[in-house]
Amino acid sequence: MQPTAPVPTAAVAAPRTVRKRVLIVNVFFDEYRRTTGSPYRVPQTMAPCFLAGAFSARACDLRIYNEQYSGVLRDAHLLAWPDMLVLTGLTSAYDRMLHLTAYARSLNPRVVVVAGGPGVRAMPGRSRRFFDYVCRGDIEELQSVAREAFGAAYIADEVFPRYDLLEGRRILGYVESSRNCNFSCSFCSLTAEGRGYTKYDLGYIERQILATGKKQIIFIDNNFYGNDRRFFLARLDLLRTLTRERRIEGWSALVTGDFFGRTENLELAREAGCKALFSGIESFDTEILLSYNKRHNTLVPQVEMIRNCLEAGILFTYGVMLDPATRRLADLRREIAFIVGTPGITMPAYFTLVIPLLGTPHFRDCLSKRLLLPNVRLRDLDGVTVTMHPRDPLDDVVRFARHLTSLRGYRRRVMRQVIGSLVHYRGKLTPLQLYSVALSGALICMETFATSPSSIWSRRPRQTFLAGTEVLDPQYTPMIRVAAAFEGHFRPTMVTDDSGALADDLAEDLSV
Ligand code: SF4
């Protein structure tokens, strides 16, 4: 009997997977209209790097771009390149997603555009008019999108951040050990989204840390402390071990105010290699914190919280929010004077106006009380632009906002306080931590110099700091010819109409 002739291999092999090109962009608008990027800003978003982990490296060519780090994406060849464009970014940068969509579709009509992020989650109805896929969930949803658009062969077996794709030379490794938050502050976009606090597996966290290849780790969790003590202690055990084995040199994280309510936590964190903590102080006024539903920040007085942290050998950084719609300017100035005049505390990393972020309880409250100014644009929700009717005359408040981010009028006191802290904590903080104390003073007084030194001499338009009149970024002018159908992509998304009511465009998603 003749042996059966072997079947040619090609006849039974699975059809070759055609590689797909995927470009993932973090869109960004700079509050000072800089276009060159801020590579020294800490922390940096890791969204593109984490989203890239959803795709199969075997079947996809992946490129990522972060406008916050690298500056405005102007490369038309890159925008013409992908089969799929994935967009993410802050709410105020939502319009930038529309710009890039217009470019990508003009250059390659077959491109699939996927969008996510807080703005998209707050406006799914409006977003469906512009993007092929509107993601309201997490990275795993991107896998569902890739499966539907390309097929199962194009998704990764395991979602894992693609640190190898990060641009530039970085000294910090960014890791995530949990998602979302167990609190519900009234102004926070996480509250609007209502997604529960979730934890990652400890082994997965360790692999992330080691995969960064960096000795200084920053946890980008919204709330590293969380509501699971056993999980918190387990992560400290892991970090203590990695520090002792010299696989990392230190780490920092964002914790909520309740972390400081247990005095042993600072010592446990320091022993485990913690070098810095960030906490959203928001205000030194208890009444204000309660009005934000931020009761967990009232467990320990703020000044005590900061000093305890620094005395324990851990750098403390924080942000402060000011709201001229509910507080008098004199009151806000008193709070700033208190901060720059209190010895033994660090300067905030930033001062911001309260932002009525879409879909939050605070936004709905502002809307129902008609507090929003007329003709507010989504782009105006950046924390430096006045967007609400203030209690004091508008001109005075706009002048206050103009000088707030650089603390004009307080700089001498800021420098005096920074020098005082450097002297006081000399033996308790490391040289790197002391350098950071000095840097936070420089950041607050000379924001441009500290985060984007390459752009200090670049010409930028004079800003008005008032919603509706603020100068738009140059990105609103198309950089290449786009089809007439995309002209609307370059018009700013309106939040309110000329009476201050919710703009028709957003009614479907955000009517109260
Ligand atoms: S504690 Fe922070 S992350 Fe959590 S809801 Fe409040 S502002 Fe958002």
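Me: In this predicted model, what makes a side chain count as positive or negative, and how many of each does the chain have?
Reply: Lys and Arg count as positive, Asp and Glu as negative. On that rule the chain has 65 positive and 53 negative side chains. The centres of the two sets lie 5 Å apart.

Me: How do you know whether the radius of gyration agrees with a compact globule?
Reply: Set the value against the rule. The rule is 2.2 Å times the number of residues to the power 0.38. For 512 residues that gives a radius near 24 Å, and the chain has 24 Å, so the two agree. The C-alpha atoms fill a box of roughly 95 × 60 × 45 Å along the principal axes.

Me: What makes a residue buried, and what share of the chain counts as such?
Reply: The cut-off is under 20% relative accessible area. By that test, 56% of the 512 residues are buried. The chain still exposes about 22,600 Å², with carbon and sulfur atoms supplying 53% of it.

Me: Which residues of helix α16 are buried?
Reply: In α16, residues 361-368, they are His 362, Phe 363, Cys 366 and Leu 367.

Me: Why are these put on the same side of α16?
Reply: Their arc around the axis is only 135 degrees, so they share one side of α16. The general rule: an α-helix has 3.6 residues a turn, so residues three or four places apart point the same way.

Me: What do the buried residues of α16 pack against?
Reply: They pack against α21 (504-510). Here contact means heavy atoms within 4.5 Å.

Conventions
Residues are numbered from 1 along each chain as its sequence is written. This is a predicted model: local features need pLDDT of at least 70, side-chain atom pairs count only at pLDDT 80 or more; totals for chains, interfaces and linings use all residues. Side-chain values use heavy atoms; hydrogens and water are left out. Buried means under 20% relative accessible area, exposed over 50%, partly exposed in between (1.4 Å probe, protein chains only). Accessible areas come from the Shrake-Rupley method with a 1.4 Å probe; for residues, only the protein chains shown count as cover. The place of a charge is taken as NZ of Lys, CZ of Arg, CG of Asp or CD of Glu. Helices (H or I, at least four residues) and strands (E, at least two) are DSSP runs, numbered from the N terminus. The arc is that of the directions from the helix axis to the C-beta atoms.
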